[in-house]
Each structure stands twice: as structure tokens, then as C-alpha cells.
Amino acid sequence: QRTEEKMRQSKYQLSCVVPVYNEASNVSPLLQSLQQVCERLNLSWEAVLVDDGSSDSSWDNIVRLAHGHSNLSAIRLSRNFGKESAIYAGLLYAWGETLVVIDSDLQHPPELIEQMWSRLHDPASDQGVEIVSAVKQKRQRESITREVAARIFYWLFLKSTGIDLKSSTDFKMMTSRVRSLYLSLPERYRFFRGLTCWFGLPEATIEFSPSDRPESGASRWT
């Protein structure tokens with residue numbers, strides 16, 4: 001954990017914001033994958049891990065890893081506030097010129113960060129793009145109840161806002177300007193993927209196929 005003064009003096013090319021909820025076994029392999037990707041890209045980077053009131057040993061593992069990684073920031077929420085609050089906290093304490101939000105359950109492949117970085121920073125591909133979203137080609141296998149609930153939610157959201165989130169995702173890379181805009185919004189209850197779409201900023205997408213979760217490995221997020 002770093003003091004705010006020291007954080008303000010730090011500047012990274014990439015900040016990886018990772019909300020964590022009961023993912024004790026995945027924190028270490030995810031961090032290793034992020035490190036490998038950033039080393040291939042030759043980036044100065046940091047990881048901001050936000051423990052959202054986990055009831056397993058996630059926090060203990062994060063603290064242990066922090067002792068061996070000077071570029072890892074550890075934030076612990078006092079209880080389980082939900083993924084949206086964890087993302088907000090991570091963005092609040094991330095200081096990279098570019099930021100990526102990625103889940104800790106390894107359903108978001110860290111290897112895609114290379115493609116996302118290229119789309120965001122290669123002037124020959126998409127000039128002016130400020131957000132790159134990694135979108136699932138299909139939803140992974142899940143319960144019928146969860147699938148039906150998701151379909152109903154996206155339909156209602158489209159009807160009420162005009163924004164189609166059916167293929168949207170929290171796996172996003174963005175410029176620091178998008179981060180600043182998001183943090184400046186007055187909303188008390190936030191919806192990350194909805195608000196970043198609502199900005200209307202130039203956005204590119206990359207498709208990927210998530211692996212099916214094991215029967216006991218349902219998403220921790222509601």
C-alpha cells in the first residue's frame with residue numbers, strides 16, 4: 001500500500017485494476033499473467049487489487065504478493081460493497097496513463113491486453129479511440145435462471161436508455177481522460193459498463209470466447 005503523496009508522484013504507462021471477491025486461488029496466476037504481458041509490451045505498469053470483502057483467503061494472498069511486487073497496490077473494502085464499488089475504488093487509486101479493468105477469475109484473458117493496447121495506441125488502426133472493450137462472442141455456460149435474468153436485464157436497459165449492453169463487458173481499456181470523466185460523475189450508485197457507453201466516446205471492440213466455468217465455479221458477482 002502506498003501513501004497518496006507517493007502515488008501522485010508515480011506515473012505508469014498502464015494500470016491494471018482488478019476487483020477481487022473470493023478468488024484466493026486465482027490472484028497469483030492472474031498477477032503472473034499480467035506481468036508477462038506487460039513485460040512483452042515493455043511497459044511500466046502497476047496492478048491495483050481491490051478486495052471486495054472476501055470471506056476466503058483472498059486478502060492474505062494479496063498482502064503476501066504485495067511484499068514481492070513493488071508495483072502492486074492493495075485496497076481492502078471494509079465489507080462486500082459489490083463489483084461497481086470495487087472498480088470505482090481501483091480507478092480512484094490507479095495512476096496510469098492508460099488503464100484496464102479486468103476480472104480476477106481468469107475469465108478475462110490477460111493476453112488480450114496486448115491487442116487492446118495496440119488498438120488504443122496504434123494510430124494506423126483506430127485514431128481517436130479512447131475505450132477498447134473485449135467482448136464475449138458468446139456467454140459461457142451458466143444456469144438457465146442466470147441466463148434468462150441477463151436477457152431480461154439487457155432488454156429493459158435498452159428500452160429505458162437506448163444503450164445496447166447485450167454484448168458489453170467490464171473488461172475495458174481506457175485513456176486517463178475516460179477515468180477522470182468517470183470519477184467526476186455525481187452518481188452515488190454506478191454502473192461501469194453503462195456509464196462508459198453513455199459518454200459516447202470513440203470505442204473499439206475485440207471479440208473473444210470465454211472458457212466455460214466448472215460446475216462449482218459460478219461467477220462471484222451477482
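This is a predicted model: local features need pLDDT of at least 70, side-chain atom pairs count only at pLDDT 80 or more; totals for chains, interfaces and linings use all residues.

Local features need pLDDT of at least 70, side-chain atom pairs count only at pLDDT 80 or more, totals for chains, interfaces and linings use all residues, and side-chain values use heavy atoms, with hydrogens and water left out.

Reader: How many disulfides does the structure hold?
Author: A disulfide here is a pair of cysteine sulfur atoms within 2.5 Å. For Cys16, the closest cysteine sulfur sits in Cys38, 4.6 Å away, so that's too far for a bond. The disulfide count is zero.

Reader: Is Cys16 buried or exposed?
Author: Buried means under 20% relative accessible area, exposed over 50%, and partly exposed in between (1.4 Å probe, protein chains only). Cys197, at 24%, counts as partly exposed. Cys16 comes out at 0%, so it's buried.

Reader: Which side chain makes a polar contact with the side chain of Ser54?
Author: Ser54 is buried, at 11% relative accessible area, and one of its side-chain polar atoms lies 2.8 Å from the backbone nitrogen of Asn22. A polar contact is a pair of N or O atoms within 3.5 Å; within protein, one must be able to donate a hydrogen and the other to accept it, and residues adjacent in sequence count only if both atoms are side-chain atoms. At 2.5 Å, the side-chain partner is Asp51.

Reader: How many residues of the lining of the second largest pocket are charged?
Author: The lining includes Glu84, Glu187, Arg188 and Arg190. Asp, Glu, Lys and Arg count as charged. Next to three nonpolar and two polar residues, the charged ones number four.

Definitions and conventions:
Residues are numbered from 1 along each chain as its sequence is written. On a 1 Å grid over the protein atoms alone, a cavity is a set of points where a 1.4 Å probe fits but cannot get out, and a pocket is an open set with protein on both sides within 12 Å along at least five of seven lines; lining residues have an atom within 4 Å of a point.
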